Amino acid sequence: MLNIVTQWIILLAAHSSLMSCRGICEDYRATKTRGLGRYASGQKRCQICDLFIMCDGNVCPCCGYRLRTKPRGQKYKQRIRAAAGAAP
Ligand SMILES: [Zn+2]
Ligand SMILES: [Zn+2]
């Protein structure tokens, strides 16, 4: 008979295998872009696989985690604000 700790470890292992990189993302790996930003050219970021992916859906075809489609951080906003401020 399994004790509770063993059952918990098995559950944890099963769960983590659902949300981990299986190497499939290598087939979807996006190439570097020139000029346009990665997000602007339709590439999406997977936080689990830690790479940019080119695919139609919003979910990673490799790990099943939701893909990031927009850049985060203040730099982009600051650039817009600076451009607006520089205009006459
Ligand atoms: Zn992956
Ligand atoms: Zn992924």
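With 16 C-beta neighbours inside 10 Å, Tyr65 counts as partly exposed, a class that lies between buried (20 or more other C-beta atoms within 10 Å of a residue's own) and exposed (12 or fewer), with C-beta atoms placed from the backbone. The model is a predicted one, in which local features need pLDDT of at least 70 and side-chain atom pairs count only at pLDDT 80 or more, while totals for chains, interfaces and linings use all residues. Residues are numbered from 1 along each chain as its sequence is written, and chains are lettered from A and ligands numbered from 1 in the order in which they are written.

The secondary structure consists of two helices and two strands, arranged along the sequence as α-β-β-α; helices (H or I, at least four residues) and strands (E, at least two) are DSSP runs, numbered from the N terminus. Buried residues account for 12% of the 88 residues in the protein. Of the contacts with a separation of 6 or more, 44% join residues 24 or more positions apart, a contact being a pair of residues whose C-beta atoms, placed from the backbone, lie within 7 Å.

Tyr65 sits in the loop between E2 and H2, and, apart from residues up to four places away in sequence, Tyr65 touches Met19, Cys46, Gln47, Ile48 and Cys60. Leu67 is found in the loop between strand E2 (51–53) and helix H2 (75–86), and Leu67 is buried, because 20 other C-beta atoms lie within 10 Å. The table gives C-alpha separations for both residues.

| Pair | Separation along the chain | C-alpha distance |
|---|---|---|
| Leu67 and Gln47 | 20 residues | 7.4 Å |
| Tyr65 and Gln47 | 18 residues | 7.9 Å |

Leu67 also belongs to the largest nonpolar core, which has nine residues in all, the others being Cys25, Cys46, Cys49, Phe52, Ile53, Cys60, Cys62 and Cys63; such a core is a set of buried Ala, Val, Leu, Ile, Met, Phe, Trp, Tyr and Cys residues joined through C-beta atoms within 7 Å. In soluble globular proteins, nonpolar side chains tend to be buried together. Phe52, another member of this core, touches Ala30, Arg38, Gln43, Lys44 and Arg45 when residues up to four places away in sequence are not counted.

Asp50, by contrast, is exposed, since 9 other C-beta atoms lie within 10 Å. Asp50 is placed in the loop between strand E1 (44–46) and E2, and, although not a glycine, Asp50 has a positive phi of about 60 degrees.

Terms used. Contact = placed C-beta atoms within 7 Å.
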